[in-house]
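Opening my notebook on a new structure. I'll jot down what I look up as I go.

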2 protein chains.
Amino acid sequence: MQMLEQKHMALLAEAERRERAPTDNIRACFELLALTGAIDRDCAVRLARHRLSEGKFVLLFLLHDKPEGLSPHELAERAGVTRATITGLLDGLERDGFIVRRGGLSDRRKIAVALTEVGQTAAGELFREHTEWVASLFQGFTAADRQTLTGLLQRIWRNLETGKQQAGQERAGKQQIGQDEDARA
Amino acid sequence: MQMLEQKHMALLAEAERRERAPTDNIRACFELLALTGAIDRDCAVRLARHRLSEGKFVLLFLLHDKPEGLSPHELAERAGVTRATITGLLDGLERDGFIVRRGGLSDRRKIAVALTEVGQTAAGELFREHTEWVASLFQGFTAADRQTLTGLLQRIWRNLETGKQQAGQERAGKQQIGQDEDARA
DNA sequence: TGACTATAATTAGGCGCCATATTATTCGGT
DNA sequence: ACCGAATAATATGGCGCCTAATTATAGTCA
């Protein structure tokens, strides 16, 4: 069951042919990406059954205990996406009857986004369902297992950060002073 | 450095508040997703510097040793995306001068997609750069480390598949016979 | 007050992905 | 030779995400 994606198998085959960089490492990376890709797809399929996406689900759950509503601005911050993205998600949620936009606040630039009955119900049921599903993916894992995994992942994190810094320095070197356009990342 | 995404932190906090499903498992899952999310974003940033996306890069590399070109159909198969997606990627690649579409084949429905000089050069340089970057993420990993990681990931795979089957059965039960719309996944 | 600046939400446009048409061409069978 | 089925590429429209531009409103300060 070494599930790799099509594109990754092609890339790996070529890398092996060229005997370039350590292909074992590449394979390991692709295994990681394939798994999370599958998780994301499964997540999307599950939520799609309720006319939701992951982004929409997050908004629903952020609003579930806020009867007075939140502003798009706050939603963007808490969900970690831009306000423009929020606008799009809200359009869909409003169309499907999960939320309402309320105006008429003291600051007339702002609006309040709140759940409808339907949204409230969906939020409640789905939060339970979703967290149980996520937890089930690690069924059978002991604390030690999780610890081991976390340790390995952190080592990858560090390598990733190191690579970013190096790339930044190289580019800065090439173009004199060179602002780091990756600062946000 | 327990890097989690904004949305995941919000979800986790709420899950902890409700003391629902084992939050340690949820946290572990989110760590996994956060890491691969960061890898994907970094990958996108690196390729964007060359006016490429991951999808486009895959096509470039699939074409690099095919001077006579490949059909969109073949590209779709090898890249693991639909033909419609290929059309879009090719539009961009053609606009940016990486590839050309050639007609006039014996089967007049088909076209051949081939790299230009520019595309050829880019493909060569980027393949090296990209594989080295991917491999560098696992720098310092021993064979045993990789083995450990693969083992853990496979356990998650199995849990994921199990969950899919169960969900399928439940839905099949609800709606009498119920075709399995997940067969493709 | 009036101009400037900051902030809120939205729009516009782009990208990658998808599913579902649509159009052109080929091929099989009678 | 012709009809219908299969196949190739593309068009269309949707979704989620982004950045940059736009519009409305608020607050500040000379």
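How many residues does the contact take from chain B and from chain A? I count 78 residues from chain B and 78 residues from chain A, with contact meaning heavy atoms within 4.5 Å.

Ground rules, before I go on. This is a predicted model, where local features need pLDDT of at least 70, side-chain atom pairs count only at pLDDT 80 or more, and totals for chains, interfaces and linings use all residues. Residues are numbered from 1 along each chain as its sequence is written, chains are lettered from A and ligands numbered from 1 in the order in which they are written, and side-chain values use heavy atoms, leaving out hydrogens and water.

Next I looked up the symmetry. Chain B superposes on chain A by a rotation of 180° with 0.0 Å of shift along the axis, RMSD 0.1 Å (least squares on the C-alpha atoms of residues with pLDDT of at least 70 in both). The two copies are thus related as by a two-fold rotation axis. I also noted that 100% of the interface residues of chain B are interface residues in chain A too, so the copies meet through the same surface.

Then I checked salt bridges (a side-chain nitrogen of Lys or Arg within 4 Å of a carboxyl oxygen of Asp or Glu). The rule finds 6 across the interface of chain B and chain A. R155(B) forms one with D145(A), and their closest N and O atoms are 2.9 Å apart.

R51(A) is not a glycine, yet has a positive phi of about 60°. Most residues other than glycine have a negative phi.
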